[in-house]
2 protein chains.
Amino acid sequence: MTAPPHDARRGTSGTPLPDTQQGMRRRNLSRVMHAVAAHGPLSRAAVATRIGLTRAAVSTLVDELIRSGLLDELGPERPGNKVGRPGSALAVSGSGPVGIGAEVGVDHLSVCAVDLRGEVRARAVRQGDNRGRAPEPVLEELGALLRQVSDEARRAGLRPAGLAIAVPGLVARGTETVVRAPNLDWQDVDFGALLPGGLPLTVDNEANFGALAELWLGDGVPHDFLHVSAEIGIGAALVVDGRLLRGTRGFAGELGHVPVWPDGPACPCGGRGCLEQYAGEEAVLRAARLDPGADRVGLLAERAEQGDEDVRRALRDAGAALGIALTGAVNLLDPRSVVLGGALSRLAPWLLPSLEGELRRRTAGTTCAVAVSGLGSDGPLLGAAHSVVRAVLDDPAGAAA
Amino acid sequence: MTAPPHDARRGTSGTPLPDTQQGMRRRNLSRVMHAVAAHGPLSRAAVATRIGLTRAAVSTLVDELIRSGLLDELGPERPGNKVGRPGSALAVSGSGPVGIGAEVGVDHLSVCAVDLRGEVRARAVRQGDNRGRAPEPVLEELGALLRQVSDEARRAGLRPAGLAIAVPGLVARGTETVVRAPNLDWQDVDFGALLPGGLPLTVDNEANFGALAELWLGDGVPHDFLHVSAEIGIGAALVVDGRLLRGTRGFAGELGHVPVWPDGPACPCGGRGCLEQYAGEEAVLRAARLDPGADRVGLLAERAEQGDEDVRRALRDAGAALGIALTGAVNLLDPRSVVLGGALSRLAPWLLPSLEGELRRRTAGTTCAVAVSGLGSDGPLLGAAHSVVRAVLDDPAGAAA
DNA sequence: ACTATTTCGTCATGGCACTTAACAAATTAG
DNA sequence: CTAATTTGTTAAGTGCCATGACGAAATAGT
């Protein structure tokens, strides 16, 4: 229904969008919101110097944003400045719009509401294996959770401004249709048709939302990195210049099928020796001589911690394969860092030594830091909710409603 | 001195540039120029509908551009429209600014001047091996060629608006310093200091300029592709959404050191089994049992054409290795196509079958077209000159002088 | 305590960029 | 030859930000 927020502003053809005064106004409203959201409570004067407009101009912008309920005036502020009249502190409203984020995982459904300040204001989770279930009943349950969270938010005086859903599968660029979700065994599921409408809807890959969460919430992470996450497949998401690189069809980031040993075992994808054959969940479990059961990642972590040599070797080998695949990616993309997220962050202690070893040996000089995500398994959910929040910050006028 | 033109418009930090009315004017001037440059002679009314402004607004913009000498009024035009007053055709000026492009190759120096219409208006080449020569005498010769071309352009009433130089090596992002050019055996050469000033200078990798040439001049190539070129090393340049992906330090595109067979022969880069060990010029010559001499690419093409089995096998194997490395890249980036440029375009007939074979087998479904560049060896030079032209189109107000 | 200084937010004025609306000019259709 | 259509220009209008001046609120100095 609505275009993905993060590619906005780019015209469809070579000619960008026309530039009118209203567009200028909208962009400046957005700049004010971003400045206040990113750099804590700020006075009008501080905003003005920060975004390069005059105090007078910022005053009118702020007035409009306060009237729309997107900014709050907190009252006089004790400023860092020593002398002069204190400014009136402005903060993004904690009682205006909220972004609704949802995640359809293989073993859970979760929904949350995040306000403009980034606080989680409502939350609902339903555990339960969704593998092999038909889309309709799953999305019906998801709808119930969504209603629950929306109602809770509304009771708190908040207004849902949009809905973003993270799914473990490929989503065709610009649509709400899941083309293929191997772990759920879903194909061509149109979320727009199966969920009650009413809110602007965005559906995207969980790896993408996880990377965006890292970009927006991770600390110290620059806006140029490669985010690797593994659930059952291995997905990567590339953030370049603070923007997600989606690829022509939206299928970018298929790290799992990068060839590692080109003559290696055949892969369902048609190739041979894909990374997934060495570092995918199934492959690691097999190499560790463990049976696939529930909470397999937890099991691996537990055994590794206990010192199980088979498990440790399996993880070491997986890390080496990851390191080789990442060497290619780092050579191609020159990111500032690589971030391990999702299940990988939990297994990082045993993956990292061999991973970093391969990477460093093969990219001498081109030092690329490897970091572990601090967001844990909440990344995709938070990224989804925050994507709605960002959409509001990116166009406050359009989202004021 | 000036920032690379293609990353412009992006603020230094999270907060973008402020939006003032003057900025709006500049952007709209740019839109007019782009519309006229891209879509042939156009009337004011046609420009207006195309860029979404009113005829009145476009009229004042066009007046200003004509006064600056960037647009020419050709006179009444026979329009496609059946009825109504004919418009007055506008075209970008053929007598205004020109972009000066230069290329420092291993066996030649070349310089050209391209006007806003994209026509090459002056040109100078000096053949001769530059391998191992010190930077100073080479750049002195280049300076002589530059003067020659600039003078010729000036005699034709043209005004050099900027200088862009393509070099076979790595250039640190945003600088004019060649960090490392292995084939010339140069390190940390500051072009800005060694060339006479006076013009805004940009120095960049030849692969990058080759890709930009493909983007701007290639026909049918979309603005999402992976451009592969091989001189002695193998470089790639990624164009995403019409923008060059440079990487954090400007070192993106090092396809030559993507691991292909991780246990393969050691590579000077410190890794093992890098693509360059299989498809690099030296490796191919060795496999073909040919001695390195002058015009080695030409020799390979000639022998392959004559049916030399050793050469053909060597090229077949190189193509397969390329296909494997590209499989990784395609999986990661999901480009619309892969374009073979530079020396590869000449050898394409013998590389393509195995290359496409590997690529197609390993990326079933994810069809990614492989194309051969039509620009030949002129790509980098033309890309450099056109980058200056684009800078003028991108900010006509700033470049009017 | 009182004044000078500094900084903040607002207001009135002005300039700039685009839109709207009207019009003359140039061409085709009937 | 008139009506219709399209172009380019002009004049008035609106929106948005800059400029400069002002009162308000706090600190520093005497």
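At 54% relative accessibility, A:Asp188 counts as exposed, a class assigned over 50% relative accessible area, with buried meaning under 20% and partly exposed the range in between (1.4 Å probe, protein chains only). In this predicted model, local features need pLDDT of at least 70 and side-chain atom pairs count only at pLDDT 80 or more, whereas totals for chains, interfaces and linings use all residues. Side-chain values use heavy atoms, with hydrogens and water left out; residues are numbered from 1 along each chain, and chains are lettered from A and ligands numbered from 1 in the order in which they are written.

A:Asp188 is found in strand S9 (residues 186-190) of chain A; helices (H or I, at least four residues) and strands (E, at least two) are DSSP runs numbered from the N terminus. Phi of A:Asp188 is positive, near 50 degrees, in a residue other than glycine. In chain B, B:Asp188 lies in strand S9 (residues 186-190), has a positive phi of about 50 degrees and is exposed, with a relative accessible area of 55%. B:Ser110, by contrast, counts as buried at 4% relative accessibility. This serine is found in strand S4 (residues 108-115) of chain B. Contacts of B:Ser110 (heavy atoms within 4.5 Å) include B:Gly101, B:Glu103, B:Val125 and B:Leu381, residues up to four places away in sequence not being counted.

Chain A is superposed on chain B by a rotation of 180 degrees with 0.0 Å of shift along its axis (RMSD 0.1 Å), using least squares on the C-alpha atoms of residues with pLDDT of at least 70 in both. That is the relation of a two-fold axis. In chain A, the C-alpha nearest the axis belongs to A:Trp261, 2.9 Å from it. Because 98% of the interface residues of chain A are also interface residues in chain B, the copies meet through the same surface.

Around DNA strand C there are 29 residues, of which A:Ser59, A:Ser88, B:Gln21, B:Arg25 and B:Asn28 come nearest; a residue is near the strand if one of its heavy atoms lies within 4 Å of it. H1(B) gives the most to this surface, with four residues. Of the atoms of DNA strand C within 4 Å of the protein, 65% belong to sugar or phosphate and the rest to bases.
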